[in-house]
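Good morning, colleagues. Please have the sequence and structure before you.

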There are 2 protein chains.
Amino acid sequence: MKTVFSDRVRDVPRSFIREILKDALMPGTISFAGGLPNRELFPAKEIQAATHTVFERYGNDLFQYSASEGFLPLREWIAHRYKEKGLEVPIEHILITSGSQQGLDLLGKTVLNDGDGLIIEEPGYLGAIQAFSIYRANFLPVPVSEEGMDIPKLSAVLKTESPKLMYTVPNFQNPSGITYPEQNRHDIARRIEKTETMLIEDDPYGDLRFSENHYSSFYSLIPEHTVLLGSFSKVVVPGFRIGWIVAPEPMMQKLVIAKQASDLHTNQFTQCVLHQYLLDNNLDAHIAKIIAVYGAQKEVMRNSIVRDFPSEVTFTNPEGGMFLWLTLPKPLAALDLFDLAVKDKVVFVPGDPFYIKQSRVNTLRLNYTCVDIDTIQTGMARLAKATQSLLSNMQAG
Amino acid sequence: MKTVFSDRVRDVPRSFIREILKDALMPGTISFAGGLPNRELFPAKEIQAATHTVFERYGNDLFQYSASEGFLPLREWIAHRYKEKGLEVPIEHILITSGSQQGLDLLGKTVLNDGDGLIIEEPGYLGAIQAFSIYRANFLPVPVSEEGMDIPKLSAVLKTESPKLMYTVPNFQNPSGITYPEQNRHDIARRIEKTETMLIEDDPYGDLRFSENHYSSFYSLIPEHTVLLGSFSKVVVPGFRIGWIVAPEPMMQKLVIAKQASDLHTNQFTQCVLHQYLLDNNLDAHIAKIIAVYGAQKEVMRNSIVRDFPSEVTFTNPEGGMFLWLTLPKPLAALDLFDLAVKDKVVFVPGDPFYIKQSRVNTLRLNYTCVDIDTIQTGMARLAKATQSLLSNMQAG
């Protein structure tokens, strides 16, 4: 049967994260491996009320085939929200997608031929690596750190490879939690605008900001070179699978054709429910509640590292979002720490799947959104012990 | 900007149907051009009740990220329904998709390399042509008629082209309304099972059966060579965008990877609502109501043709589904009839977009599901007059 498959799926591995977590974990294992928003914060009652309203308001229109571009009032709401933040986004440049993941799929489908160059952050978002692997992108990793993207390497790659796309998560990146500093954004924009490269600005976490700092969106700096992706998954609920793409004409025309061919349109009923929820509630007040919880949990996790971890370990201090990134002293490998930690009933995601051509890396991702403060303290104490033990073994060996 | 697009989307035209209908139609125009189920028959009250139940039953589980394979109880329900019809389908061979259209996209993604052969019915389903165009299929049209698929042509294409896929809608086909006779199905199956070709059996309309006739599913004849597609769009509601794929291992593994990369998973909330609706209601009783309406409307349309149209016009007599197919005497073109008819305030879909390499064809599609009996009579009288007029012009010229 193998020969019947396309080249594009033959080489895509099953999810690394699923694989390493698939063995039944011991009862009582604490997981920092997740990438999920905290389900306790879902606005279930408000969504239930919105659902009640739309049955009365729209009747059978909730259930018919509808526009590939998405539910117009929802697109208008998104444009209005951008306007409040100082971004002018024409409504006809907004396409509703079945989650941000579909935004990535549609961009790959619309832009990439086999082997076309695509700049990916190193470490980079796994969902993007999977989506663009399907379209056989030639991944061009450029390192990111708390200083943002590495500008000399970016310049070199832009010059030698003329990539078609560049994928970025400039706010509270997944997996590293880093945020591109303001000057770094301007440095990137100045380089991109001289090229044919289209920059994808994926911003699912942008509203989950703990700090007072604000940064320029690439869309505000170089709108003609930017495709902006947004999502309701992290600020309302992920189970609705509703995100959006902002793209310039004529790319939007091609994206709509690709959307039609992919699934005709996004779930109409849920678009109406979500829109009603947004009309009837104050989204910023809801986001403030999420930020209070995530921010407090991030602080506890960070304080545990400062207090209990070997001083050779370094880590990011996320200004928002869901993840913290930890770097072990070389030559320790995160996979070895994983093997020790799982016995001590704590798990995380080793950095390996977030790199294109590296393995046995010394970095790992910690999620702090789905675990309460007591659990974070218990889990981080276990992880500190495992890290100390791995380090001692190395120093002894 | 043109050069930034992938080859796969550069050549896909915008929807022909949208284009011909985009000019504002005169008020009072009757449309047989639609492809929509009748919205008056949507079970809105029952869905509202199911929605109420799932809020109580599942709470926040409705809203979290969930399995790429789909909501397990819904997959179990589908397997059980197949069993009632005599088909043994393992639950792990069922993948929930964001509508049948996504099933086509995932199959193209998983199987087709550029230029791979794909047998398509002639005339064939437009959504399939769009989905597989994206993956640059080499379309191999094989004619279908009320005698089913043309077996000599099928044999020749299988032999000379070794296609990877064959796409069929054996029950009440879109656009033609034809149904493959029983013997034709066996003839096809005997030929396919000797090849490496995978047959896609798309069956969105199968339950909407007016006749007493029953036919063997390809999945029952050659399960290892068949991918079966199903959908709730025509029997419950299309706006939920919920369909499914039944595929053998190891294809299912690849499809799940493609699903993850495409949109992670199908809308969780709506899967739960739909499942609850199916638990709490008798789907067959609901389908019986749809059949009564569609069957009566089909009869009225068919009687209008028998009574009022020039005897040179031939037409199908659908045993179910949503469409009737009309063939004009050559050399009349359906596009010319469209130009006349639109002035007389009645529209349909000229056959052209349903063929791969033919234009100005003499066939056209009529939809009878969204227009009541009085409107069908008025619209068909207008269309009979336009047809007579076109025919007289030809005979005079």
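I begin with B:Phe172, which is buried, having 27 other C-beta atoms within 10 Å. By the definition used here, a residue is buried if 20 or more other C-beta atoms lie within 10 Å of its own, exposed if 12 or fewer, and partly exposed in between, with C-beta atoms placed from the backbone. This is a predicted model, in which local features need pLDDT of at least 70 and side-chain atom pairs count only at pLDDT 80 or more, while totals for chains, interfaces and linings use all residues. Residues are numbered from 1 along each chain as its sequence is written, and chains are lettered from A and ligands numbered from 1 in the order in which they are written.

What is the phi of B:Phe172? The value is positive, near 55 degrees, in a residue other than glycine. B:Phe172 is found in the loop between strand 6 and helix 8 (182-192) of chain B. Helices (H or I, at least four residues) and strands (E, at least two) are DSSP runs, numbered from the N terminus.

B:Ser162 likewise is not a glycine and has a positive phi, of about 40 degrees. Its place is the loop between helix 7 (151-161) and strand 6 (165-168) of chain B. B:Ser162 counts as exposed, with 12 C-beta neighbours inside 10 Å. For context, most residues other than glycine have a negative phi, and most peptide bonds are trans.

I turn now to peptide bonds in chain A. The bond joining A:Glu249 and A:Pro250 is cis, with omega about 0 degrees; A:Pro250 is found in the loop between strand 9 (243-246) and helix 10 (251-263). The bond from A:Lys330 to A:Pro331 is also cis, with omega near 5 degrees, and A:Pro331 is found in the loop between strand 11 (323-327) and helix 13 (334-343).

Next, the sheet. In chain B, 4 strands form an open antiparallel sheet in the order 10-11-14-13. Strand 10 (314-315) and strand 13 (349-350) stand at the edges with a single partner strand each, so one side of each has no neighbour in the sheet. Two strands pair if DSSP finds at least two bridges between them; strand 13 is joined to strand 14 (residues 363-367) by 2 bridges. The bridge partner of B:Pro350 in strand 14 is B:Leu364.

Finally, the chains. A rotation of 180 degrees with 0.0 Å of shift along its axis superposes chain A on chain B, with RMSD 0.0 Å. This is the relation of a two-fold axis. Superposition is by least squares on the C-alpha atoms of residues with pLDDT of at least 70 in both copies.
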